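Hi,

Here is the structure I promised to pass on.

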Amino acid sequence: MSNTTLMMIKPDALENGHIGNILEKVTSAGFRIKALKLTQLTVNDAESFYRVHKERPFFGELVNFMTRGPIVAAILEKENAVSDFRTLIGSTNPAEAAEGTLRKLYASSMGENAVHGSDSDENAAIEASFYFSQRERF
Ligand code: GDP
């Protein structure tokens with residue numbers, strides 16, 4: 001899994017009609033789509049996906065946000081996928097994100113920041129398995 005990462009296009013970006021723009025920027029940056037789905041997280045799903053943050057003060061807000069509408073999940077492949085995708089999406093806070101990054105372009109706040117990217121190869125593998133069976137990967 002070392003050349004793959006897990007992307008989510010978050011509910012805010014879907015509400016604002018950015019799925020197509022984001023997928024275009026992702027593939028133009030050299031990422032290949034290995035798996036892709038439109039789905040919606042339950043509260044249990046979101047609490048599990050973000051369990052490392054469960055003691056943080058924003059955890060409830062994060063779970064509410066991530067469950068309020070559909071998301072797009074994808075496995076992306078590229079050399080250095082995890083690190084290169086974190087660069088493409090930009091800082092967690094869009095106000096601090098570099099020009100041209102997905103969060104600079106499409107996010108509105110620290111919480112509602114349009115896109116998720118795995119932060120390590122280990123988490124990329126765990127997160128890919130959270131969303132996709134083997135037969136859904138190409
Ligand atoms: P990431 O790896 O850049 O996504 O950032 P983190 O792992 O630190 O946080 C995970 C997610 O929690 C972020 O992408 C945000 O959606 C959310 N989050 C982080 N900090 C805050 C905050 O201060 N307030 C709120 N409401 N959400 C936050």
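**What I found**

A114 is found in the loop between helix 6 (102-106) and strand 4 (115-117); helices (H or I, at least four residues) and strands (E, at least two) are DSSP runs, numbered from the N terminus. A114 has a positive phi of about 70°, although it is not a glycine. N80 also has a positive phi, about 55°, and is not a glycine either. You'll find N80 in the loop between strand 3 and helix 5 (81-89).

Before you go on: this is a predicted model, where local features need pLDDT of at least 70 and side-chain atom pairs count only at pLDDT 80 or more, while totals for chains, interfaces and linings use all residues. Residues are numbered from 1 along each chain as its sequence is written, and side-chain values use heavy atoms, with hydrogens and water left out.

Now the ligand. Around it sit K10, H53, F58, E61, L62, R86, T92, R103, M110, G111 and N113 (each has a heavy atom within 4 Å of it). That shell divides into 3 nonpolar, 4 polar and 4 charged residues (Ala, Val, Leu, Ile, Met, Phe, Trp, Tyr, Cys and Pro count as nonpolar, Asp, Glu, Lys and Arg as charged, and the others, Gly among them, as polar).

Some polar contacts (pairs of N or O atoms within 3.5 Å) are worth a look. A polar side-chain atom of E61 lies 2.7 Å from a nitrogen of the ligand. The side chain of H53 has an N or O atom 3.1 Å from a ligand oxygen, and a backbone N or O atom of G111 is 2.9 Å from an oxygen of the ligand. On its own the ligand has 550 Å² of accessible area, and the protein covers 81% of that (Shrake-Rupley method, 1.4 Å probe).

Lastly, there are 7 salt bridges, counting a side-chain nitrogen of Lys or Arg within 4 Å of a carboxyl oxygen of Asp or Glu. One of them joins E15 and R68, with the closest N and O atoms 2.7 Å apart. This pair links distant parts of the chain, 53 residues apart: E15 is in helix 1 (residues 11-15) and R68 in the loop between helix 4 (59-67) and strand 3 (71-77).

Cheers

Terms used
Polar contact = N/O pair within 3.5 Å; in protein donor to acceptor, adjacent residues only side chain to side chain.
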